[in-house]
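Okay, everyone, thanks for coming. Let me put today's structure up on the screen, and then I'll walk you through it.

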Amino acid sequence: MTDALREPTFLILTALAARPQHGYGILRDVEEISSGRVRLRAGTLYTALDRLSSDGWVAIDREEVVDGRLRRYYRLTDLGAAKLAAEVERLRANTRVAEQRLRARPIGGTA
């Protein structure tokens with residue numbers, strides 16, 4: 001059984017699933033994916049990216065200088081994609097159980 005991902009980690013990996021992105025792009029994407037519920041701070045994001053990089057789930061794709069500042073792009077690795085896919089399946093399985101139990105719930109229930 002695989003360990004569940006924390007929601008911010010799940011959202012960061014999801015943000016990188018489609019294409020490499022730089023930090024600000026990831027921050028915006030996480031907020032959009034979560035419908036505004038999750039707003040990461042830059043320090044939190046870069047700490048997470050360092051950890052995910054150490055775990056082999058993300059890697060630096062490229063770097064460029066924009067307006068005199070270094071912009072680093074990150075990409076999802078194959079290992080990271082496998083971890084994200086496993087988490088998606090875990091969430092699906094939990095959702096199926098919840099749906100089955102909701103259908104079996106007596107109408108009116110108890111207070």
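This is a predicted model: local features need pLDDT of at least 70, side-chain atom pairs count only at pLDDT 80 or more; totals for chains, interfaces and linings use all residues.

By class, the lining of the largest pocket splits into four nonpolar, two polar and two charged residues. Who are they? The lining is made up of His22, Gly23, Tyr24, Tyr46, Leu70, Arg71, Arg72 and Tyr74. Two elements, α2 (23-33) and β3 (69-76), each give two or more residues to that lining, and β3 has the largest share, with four residues. As for volume, we're at about 170 Å³ for this largest pocket.

Now the core. How many residues does the largest nonpolar core have? It has 20 residues, and the ones with the most contacts inside it are Ile12, Leu13, Leu16, Ile26, Val30 and Leu49. The elements giving two or more residues here are α1 (7-17), α2, α3 (42-54) and β3, with the largest share, five residues, coming from α1. Take Ile12: leaving out residues up to four places away in sequence, Ile12 touches Ile26, Val30, Leu40, Leu45, Ala48, Leu49 and Leu52.

Let's zoom out. The chain has four helices and three strands, running α-β-α-α-β-β-α from the N terminus. What about the overall shape? The radius of gyration is 18 Å, whereas a compact globule of 111 residues would be near 13 Å. The C-alpha atoms fill a box of roughly 65 × 30 × 20 Å along the principal axes. And of the 111 residues, 30% count as buried.

That's my tour; over to you.

Definitions and conventions:
Residues are numbered from 1 along each chain as its sequence is written. Side-chain values use heavy atoms; hydrogens and water are left out. On a 1 Å grid over the protein atoms alone, a cavity is a set of points where a 1.4 Å probe fits but cannot get out, and a pocket is an open set with protein on both sides within 12 Å along at least five of seven lines; lining residues have an atom within 4 Å of a point. Grid points are joined across faces, edges and corners, and a volume is the space filled by probe spheres set on the points. Ala, Val, Leu, Ile, Met, Phe, Trp, Tyr, Cys and Pro count as nonpolar, Asp, Glu, Lys and Arg as charged, and the others, Gly among them, as polar. A nonpolar core is a set of buried Ala, Val, Leu, Ile, Met, Phe, Trp, Tyr and Cys residues joined through side-chain atoms within 4.5 Å. Buried means under 20% relative accessible area, exposed over 50%, partly exposed in between (1.4 Å probe, protein chains only). Contact means heavy atoms within 4.5 Å. The radius of gyration is taken over C-alpha atoms; the globule rule is 2.2 Å times the number of residues to the power 0.38.
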